[in-house]
Structures are given as structure tokens and as C-alpha cells.
Amino acid sequence: MRKEKIKRGAFLAACLMLLLTAGCGSEKNRDENVTAGSGKDTGRSTEESTGNSTEESTGKSTEENTGKSTEKDTEEDDGNGYKSISQEKAKEMMKRDDGHIILDVRRKDEYDQGHIPGAILVPNEYIFENQQPKALPDLSQIILVYCRSGRRSKEAAEKLAKTGYTNIYEFGGIIDWTGEIVVEDGKKKKEETKLTFDSFDGGGPDYTVVLEDDSIVSYNKEKTYGNPDHAEMEGSSFDITFTFRGQKAGHTKMTIEERSPIAGNRDHLYQVTVDDNLDVSLEELSVRDLGE
């Protein structure tokens, strides 16, 4: 009898232990499930908050801010009441029928030697602050200002702005102008004189102009690819074109230096002549081989 009671007690104790063990396992599984659920919720909220905020704050603001700043860069306000623009922008504005004025602020002798078609002359030294030039009666009129190199045009534009003109656009000097130029009687000047040399990316020669007297003639340098889609690719061929414009009558010597890291180096020597009409002629005198 006594043995049966002991056996029964041991059996009950074993059952109780099993129940306690099963309970702890359920508790543990429940905790793991809660933890896993929390991680899933956290991941989803992170994805939603990070993804959406990135798209909205970065994507939209980049598009809006970049677009606006790019548009603003086309017309740079220098803080003196006028805008400095590129010569390409000036050409576009000259095509508009908006009553604009093209203002040349050089001296009369410079103007007579060649100016942009339709430009009127008011020399910089005759423009004063708070004194309205008679040739510019409308303070709100669009005025496109240039000079020889860009220094006097900025000075004139600032003085006009301080006088009360509200639409002043300064676009530099005529020495960089690639458009049409006419002389005093309105006759178109002779086409610019050009020299073209060939080269290629990845070691082809570069060319540099050296003038003994740069007051007689000015020039621009332009690089043009045979295939624009291959620009800056190794081995792509291109032309270097120099465009020369007369500044005053006279003669000077000019050297075009041809330099390459993988080919021979040469100097091309020219005689430059500018006549009274500011037409430029070039005579090649010699080509000197300098070796590698």
C-alpha cells in the first residue's frame, strides 16, 4: 500500500515536470514570434520611410533645384544691376523682335573699323552715372552691350544700371565675336582668315599660336571632331581651326607651335598682314622640324 502511494506520487511529480517544461517552450516560441514580427514591422517601416523620403526629398528636390540653378546660370547677375551673358545667348536675343538696342561702347575709330550690324555707338567715356544718354531714351529697353575685350562693356553696363536702366545685358568683346561684322559704310567685312590642322585623341599634336604683335590680329581656336559621337575617345580624329581677325593695319610674324608626346614637333612660321580694311592675309614662310 505504501509502495503504491510512493509510485503514484512519483508519477504525479513527473507529469507536473512535463507540464512545466511544455509551458516554458510555448513561452519561448511566443517570445520568438513577437521578436520576428517586430523585425518585420521595423523592416517595412524602414523601407517605407526611407524609400519614400529619399524619393520625395532627394529626387524631387534634385530635379527642382538642379533645373532652376541651370536656368539661372544662363544669365549671370553680377550684383551691379546688369546681367552678363554669353555671346551665343546675345546672338539669340538679337534675333528677337522686341525693340532691343545693340550698344557699342568703344571709341569711334574702333567702331568705324568694324562693328556688329545694327549696333549704335555711345563710347564708354561719354557714359556717366545718373546722366541718361540721348541715344538711350527708354530706361526699360533691352540693351545689349559690348566693347573690344569685355572691360569697358562691364564698366558701361554698371554705369547705365546705376542711372536707372533695368534691362542691361553685357556680352563681352568683339574680339571673340564669331558672327557678322560690318565696316562704317555697312558693307560686310571679308570672311575671316582660317587655318586648320588635324590631330587625334591619345597623343595627337596640339597647336599653339605665338604672335610677335597681338595688337594687329586676334584669333579664336576651335576643336571639331569628324564624328561627334567619338569625341574624347582614344584615337578619334579632329581638326584644330584658328580664325584670325584684323584689329589694325600692320604686319607681324606668327609661329604656330605643333607639339605631340608621341610624334615629331614642328614650328610653322607665318607672315601676317592686315590691310586698311582689316582684311587678314597669311603667308607661310617655313616649317621647322624640331624632332621628338
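What share of the contacts in the chain with a separation of 6 or more is accounted for by residues 24 or more positions apart? The share is 63%, where a contact means heavy atoms within 4.5 Å.

1. Basis of the note. This is a predicted model, in which local features need pLDDT of at least 70 and side-chain atom pairs count only at pLDDT 80 or more, while totals for chains, interfaces and linings use all residues. Residues are numbered from 1 along each chain as its sequence is written, and side-chain values use heavy atoms, with hydrogens and water left out.

2. Overall composition. The chain has four helices and 13 strands; helices (H or I, at least four residues) and strands (E, at least two) are DSSP runs, numbered from the N terminus. Of the 292 residues in the chain, 34% are buried. Buried means under 20% relative accessible area, exposed means over 50%, and partly exposed lies in between (1.4 Å probe, protein chains only). The accessible surface of the chain comes to about 18300 Å², computed by the Shrake-Rupley method with a 1.4 Å probe, and for residues only the protein chains shown count as cover. Carbon and sulfur atoms hold 50% of that surface.

3. Helix α2. In α2, which spans residues 87–94, the buried residues are Q87, K89, A90, M93 and M94. They cover an arc of only 150° around the axis, which puts them on the same side of α2; the arc is that of the directions from the helix axis to the C-beta atoms.

4. G99 lies in the loop between α2 and β3. With a relative accessibility of 42%, G99 counts as partly exposed. G99 and I142 are 43 residues apart in sequence, yet their C-alpha atoms are 7.2 Å apart in space.

5. Helix α4. T163 belongs to helix α4, residues 151–163. Its relative accessible area is 16%, and T163 is therefore buried. Leaving aside residues up to four places away in sequence, T163 touches F128, E129, N130, Q131 and Q132.

6. The sheet of three strands. An open sheet has the order β7-β10-β9, with antiparallel pairing; two strands pair if DSSP finds at least two bridges between them. β7 and β9 stand at the edges, each with a single partner strand, so one side of each is left without a neighbour in the sheet. The twist averages 20° from one strand to the next. Axes for such angles are lines fitted to C-alpha atoms, for helices over the stretch in contact, and angles run from 0 to 180 degrees between N-to-C directions.

7. Pairing around β10. Eight bridges join β7 to β10. T196 has T241 of β10 as its bridge partner, and S199 stands opposite F238 in β10. Between β9 and β10 there are nine bridges, again in the antiparallel sense, with V217 partnered by G246 of β10. Because eight of the 10 residues of β10 are buried, this strand is largely enclosed by the rest of the structure.

8. The sheet of four strands. A second open sheet has the order β8-β11-β12-β13, with antiparallel pairing. β8 (206–211) and β13 (280–291) stand at the edges, each with a single partner strand, so one side of each is left without a neighbour in the sheet. Neighbouring strands of this sheet are turned by 20° against each other on average, direction ignored.

9. Pairing around β12. Strands β11 (residues 250–259) and β12 (residues 265–274) are joined by nine antiparallel bridges, and β12 and β13 by 10.

10. The nonpolar core. The largest nonpolar core has 19 residues, and those with the most contacts inside it are F242, F244, M254 and I256. Such a core is a set of buried Ala, Val, Leu, Ile, Met, Phe, Trp, Tyr and Cys residues joined through side-chain atoms within 4.5 Å. At least two residues of this core come from each of β7 (193–200), β8, β9 (217–225), β10 (237–246), β11 and β12. The largest share, four residues, is supplied by β10.
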